[in-house]
Amino acid sequence: MAEKKLMKGNEAFATAAMNAGCRYYFGYPITPQNEVPEFMSRELPKAGGYFIQAESELGAMNMAYGAAAAGGRVLLSTSSPGIALMQENLSLLSSVELPVVLVSVMRGGPGIGSIQPGQADYEQATRGGGNGDYHTIVLAPATIQEACDMIYKAFDIADEYRNPVMVCADGMIGQMMEPVVLPPEKAPLTEEEIWEKKPYALTGHKWKRERNAINSVWLQQELLEEYIYQYWPKYEKAEAELQDWEAINVENCDTLFVAYGSVSRVVKEAMQALEAEGYNVGLIRLKTLWPFPHKAFELIGDNCKNIICCELSMGQMMKDVKAEVEGKYPVHLINRVGGMLLDPIEVVDRTKKILEVK
Amino acid sequence: MAGKRIFIAGFGGQGVLLIGQMIAYAAMFEDKEVSWMPSYGPEMRGGTANCTVNVSDAPIASPLVAECDVLITMNGPSLDKFESMLVPGGDLFINSSIIEQKATRDDINVHYVDCQHLAEVEVGNGKTQNMVMLGAIINATGVVHMETMQKVFEKVFTGKKAKLIPKNMEALSVWQPA
């Protein structure tokens, strides 16, 4: 087994990306993810890679467009307001099917907001503010180890689906330290490998094939419609194949929690306390936010009487949960917002209040 | 839970985050589960700083805690603000060099550690105050083994800093529980 290292979340994210063969990073500083560009500015050049502090988030996305178009593995990272600024290009990258991996270390919003951890970007991540018919594949880690593994895998998913993949961490996971076993180092693709594995890439045609062009403008709407129908099945495939979750006692519990990211860890601690008092609780932890893990909700057993969504937003995830269970169970919310956090005792107390009212 | 939830608070610059990291490294070397979480924000030297360290035999659920088993206060405001976080029977460490007040609770174990005096007089280096406190935590609670600390220092103090290891090891042993 590889060596365990004690690493700060943000540095671990960057290292995992480099181990996945990422050699291009573009970004603009924003708390609480600044250790990612700091690390990349120091380490990427040593590995023969390229770090550019862009003039803005939009600039970083445009640079990513270029590097991805040339066949490189690209990492971008930012926090919530930065994602807002990148939305235009998430749509653009999706429209030309370019793979990039984007880490959002979420903080309190709306607006410039606070710099403390938040989850009020669930809808921003899963719905997006970009125009047109596209999806962003969204993964949600709960530990630093899982974040590393997800970022590593995200590069493969991005390449397979030719689509941006977003990894939604939050300020807590970004700033904390935990032991982590880093995924093994992969070499970046050589020019020949890019030619072979990414035939769309702008490598230069070398008179051996037709020239490639990557272009988002379709002035003949018939052709655009045809193009959308051509790429859309990949989103159906993603919905069928990428749904991921962790299920604890979902089949038997009376009270089912639904949570993701760092909040799910607080819920797990609260569950231990509730179980000690005789409550029969379970958890669905979302590991993918898009596609939403519908299949996890098929596991719910006959005992279930209440569903409690725990999140750091005014109930953005809860809307998806409500849509999923279609009124079969009452769905409640335990939340904090603006950068304030839930702690295990608060989750226990508020859970008891919800169940008492019943 | 089988483990310790440790909360360390003080001024920025006192080594509050470092004390926590040292415990986290040691716990990892002892194959325990561990998490370290700092407060962060628009902070500066002389401002407030704190961190939470969880050490356990089982995977750490919440890195964030509402109550703790071990509380280390490096300055007065931290004692005022966080004394109530400690569970009954928990260990409270007070940096008595600069904290004049006493603990207000009698259902906890209180350890007064004169970090500055011990560092300057016993160790002969005023910069080792945080390591004096770290030693006190280890000696009183046994959260990690003292022998592991040599390995931790070798990991943290490399190159030119390697010569600091003996003084730091010395600082770890100057405070012993009564």
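Let me start with a definition: the radius of gyration is taken over C-alpha atoms, and the globule rule is 2.2 Å times the number of residues to the power 0.38. For 358 residues that rule puts a compact globule near 21 Å, and chain A has 21 Å, which agrees.

Some housekeeping, everyone. This is a predicted model, where local features need pLDDT of at least 70, side-chain atom pairs count only at pLDDT 80 or more, and totals for chains, interfaces and linings use all residues. Residues are numbered from 1 along each chain as its sequence is written, while chains are lettered from A and ligands numbered from 1 in the order in which they are written.

Now, where do the chains meet? In chain A, 19 residues are in contact with 17 residues of chain B (C-beta atoms, placed from the backbone, within 7 Å). The largest share of that side of chain A, five residues, comes from α11(A); helices here are DSSP runs of H or I, at least four residues, numbered from the N terminus.

Let's look at one helix of chain B, α5, residues 146–156. Which of its residues are buried? They include M149(B), V152(B) and F153(B). Buried means 20 or more other C-beta atoms within 10 Å of the residue's own, exposed means 12 or fewer, and partly exposed is in between, with C-beta atoms placed from the backbone.

An α-helix has 3.6 residues a turn, so residues three or four places apart point the same way. On the face of α5(B) turned away from its buried side sit the exposed E147(B) and E154(B). Among the elements covering the buried residues are α1 (16–29) and α6 (165–171) of chain B.

Technical notes:
Contact = placed C-beta atoms within 7 Å. Helix = DSSP H or I, 4+ residues; strand = E, 2+ residues; numbered from the N terminus.
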